[in-house]
Amino acid sequence: MSEAALRENIEAQLDRLLSQLEDLDTLKGDLSDDEIQREKQDTLAQLAEFQDSLKKSVTGNMTLQSEYDAARVAIRAAVSEAFKTPEVIRLFARKQPAALRRRLEEIDRDVKLGKIETGCVADQVVEILTALKKLGDPLAPKEERFLQQHRSEKMSEFEAIEENDAVEVSLAAYTKAQDDQTNRIDGRSTRDVQEYLDIDHAWYSSMVIAKPRERRELF
């Protein structure tokens with residue numbers, strides 16, 4: 001299957017499953033709680049299957065791995081039920097930090113106006129903040145404190161697994177790059193070899209160590 005066809009297939013499956021999650025909210029008035037729960041578990045099972053399929057499909061293709069990394073993480077968050085808000089899961093999977101920020105601002109405004117209580121939206125705010133962090137969007141100190149205070153056990157477990165996986169992926173990518181590089185530099189001068197190694201070391205550091213970015217106060 002060509003890369004274009006593979007991407008089209010991934011997009012279609014991802015969109016269908018995310019839509020199924022969102023549809024469950026609209027069906028709450030038409031179905032019983034038991035029926036909603038069965039539909040939800042069925043959708044989560046399909047997401048778990050898609051997660052495995054996605055991993056196999058993009059293995060060896062660095063472009064697709066990078067393109068669908070957020071989708072993979074978002075799906076895992078949904079399957080583990082660390083994330084339960086369909087809208088947030090979709091925005092996370094689609095790499096839309098600006099839209100997540102807008103949703104966070106809407107919640108913050110509604111709380112200040114007294115339309116909703118913080119306790120009613122704390123879980124959703126934690127999901128948004130976690131998604132923003134995973135997408136590389138810096139959090140303000142107040143947001144970090146809110147995240148630490150309201151993070152659930154499932155969310156903590158999810159983040160711990162993701163952090164371990166990120167290190168393993170970085171080390172695996174580094175090892176592969178080293179092997180490929182060794183094959184490329186056979187016969188080159190010592191100076192050439194050192195230049196290659198210096199470049200690779202810089203690349204590895206950028207993979208493992210996140211560079212600080214400007215923080216923004218929102219709360």
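Arg151 sits in the loop that joins helix 8 (141-150) to helix 9 (153-184), where helices are DSSP runs of H or I with at least four residues, numbered from the N terminus. Its side chain makes a polar contact with the side chain of Glu159 at 2.5 Å, a polar contact being a pair of N or O atoms within 3.5 Å of which, within protein, one must be able to donate a hydrogen and the other to accept it, with residues adjacent in sequence counted only if both atoms are side-chain atoms. Once neighbours within four places in sequence are set aside, Arg151 is in contact with Val126, Ser156 and Glu159, contact meaning heavy atoms within 4.5 Å.

This is a predicted model, in which local features need pLDDT of at least 70 and side-chain atom pairs count only at pLDDT 80 or more, while totals for chains, interfaces and linings use all residues. Residues are numbered from 1 along each chain as its sequence is written, and side-chain values use heavy atoms, with hydrogens and water left out.

Arg72 is partly exposed, with a relative accessible area of 24% (the class between buried, under 20%, and exposed, over 50%, for a 1.4 Å probe and protein chains only). Not counting residues up to four places away in sequence, Arg72 touches Gln51, Leu54 and Glu162; Leu47, 25 residues from Arg72 in sequence, is 10.0 Å from it in space, C-alpha to C-alpha.

The second largest pocket is lined by 14 residues, among which Leu24, Asp25, Lys40, Lys84 and Pro86 lie nearest its centre. Two or more lining residues come from each of helix 1 (3-26), helix 2 (33-58) and helix 5 (86-93), and helix 2 gives the most, with 4 residues. A pocket here is an open set of points on a 1 Å grid over the protein atoms alone, where a 1.4 Å probe fits, with protein on both sides within 12 Å along at least five of seven lines, and lining residues have an atom within 4 Å of a point.

As for confidence, the mean pLDDT (the predictor's confidence in each residue, from 0 to 100) of the protein chain is 80, and 74% of its residues reach 70 or more. Over residues 166-177 pLDDT stays under 50, and the model has 10 contacts beyond four places in sequence for them. Where pLDDT is low, the predicted coordinates should not be read in detail.
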